[in-house]
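Dear colleague,

Please find the structure below, handed over for your records. My findings follow it.

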Amino acid sequence: MSYSVDRRDPLTQPQGVEKGYPGTALRWPSQPLHRRPLTRSELTGPESVLRRLAPVRGDLAGHGDKRAIGQLIHLRTRVVDEDGTPVRGAVVEIWHCNAAGKYIHPNDDNDAPPDPNFYGAARMVADDDGVVELRTIKPGAYPVPEPGRWWRPPHVHFSVWGRIWLSRLVTQMFFPGEQLNDDDAVLNAIRDPEARSRCIARLAPDGPRNALVYDYEIVVRGRRATSNLL
Ligand SMILES: [Fe+2]
C-alpha cells in the first residue's frame, strides 16, 4: 500500500545550479531526482525524531547585560500540511547569522564581528496549533563567498522534521521590504512569484512593545508546499 500527495509544481522549487551562485552545484543532486512512493514502513517509523534531537532554547537574543546586539524580533512560525491542518509535534530547527552578518560556524570567513551574546540556533516542537515561537534578533545581510559581488539579504534558515525521519523540509525565510530580496539568487531561484512571496514573512500588527513580530507559515507538502532552499 502506498500514499501520495499532490506533486510539487517545479516553478515553486529551485531547479539546480543557479547562475551566479556556483555553490549550489555542491548542494544539488548530480543525478535526476527519483520519486519514491511512501509506504507504510516509511510513514510509521522510526517514530520519534526527538529521541535523538532534543529541543534547544526558544530564545537566541538573551537578556539584560547578555542581550545580543540588534533589532529584537519574535518569529511566529506555523507549520501546516497541504490542507492547512497544523502539524502538531513537528520539530523545527532555526538558525541565522548575527546582526552583523556573522554565523557561529567555523566555515564563515566573513570578517564581520561575532556577538558573544547571540546563540545562533534553536530547535523547537510545534504546539497543537502547529506553532513555534522564537525570540531573537534580526539577522544582518552578508557578502556571499562566491566570484562576483552580491550580498544575501537578511534571512532565517529552517529545517522542519515531520513525524518521521524521511520527512524533512529545509528552507529559508525572508523579511518584507528588503531591497536585497530583489536580486537574491536563492530567493529568485523560485520562478513562481506567488511561491516566492510565500517565503517572505509578514510583519504582524501586534506584539510586545520592544520587539517586532513576524508571522511565517511553512507548508510541508502538496502543490503549495514551501520551497526547498538550501
Ligand atoms: Fe544564510
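Which element gives the most to the lining of the second largest pocket? The answer is β10, with three residues. This is a predicted model, in which local features need pLDDT of at least 70, side-chain atom pairs count only at pLDDT 80 or more, and totals for chains, interfaces and linings use all residues. Residues are numbered from 1 along each chain as its sequence is written, and side-chain values use heavy atoms, without hydrogens or water.

The iron ion is coordinated by Y103 (OH), Y142 (OH), H155 (NE2) and H157 (NE2), at 1.9 to 2.3 Å; donors are N, O and S atoms within 2.8 Å of the metal (3.2 Å for Na, K and Ca), and since water is not among the atoms, sites may look incomplete. Y103 lies in the loop between β4 (91-95) and β5 (121-125), whereas H157 lies in strand β9 (residues 155-161), 54 residues apart. Strands (E, at least two residues) and helices (H or I, at least four) are DSSP runs, numbered from the N terminus.

Y103 counts as buried because its relative accessibility is 18%, and H157 counts as buried at 11%. Buried means under 20% relative accessible area, exposed over 50%, and partly exposed in between (1.4 Å probe, protein chains only).

K138 is placed in the loop between β6 (131-137) and β7 (142-143). Leaving aside neighbours within four places in sequence, K138 is in contact (heavy atoms within 4.5 Å) with Q71, I73, A99, P154, F175 and E178.

Yours sincerely
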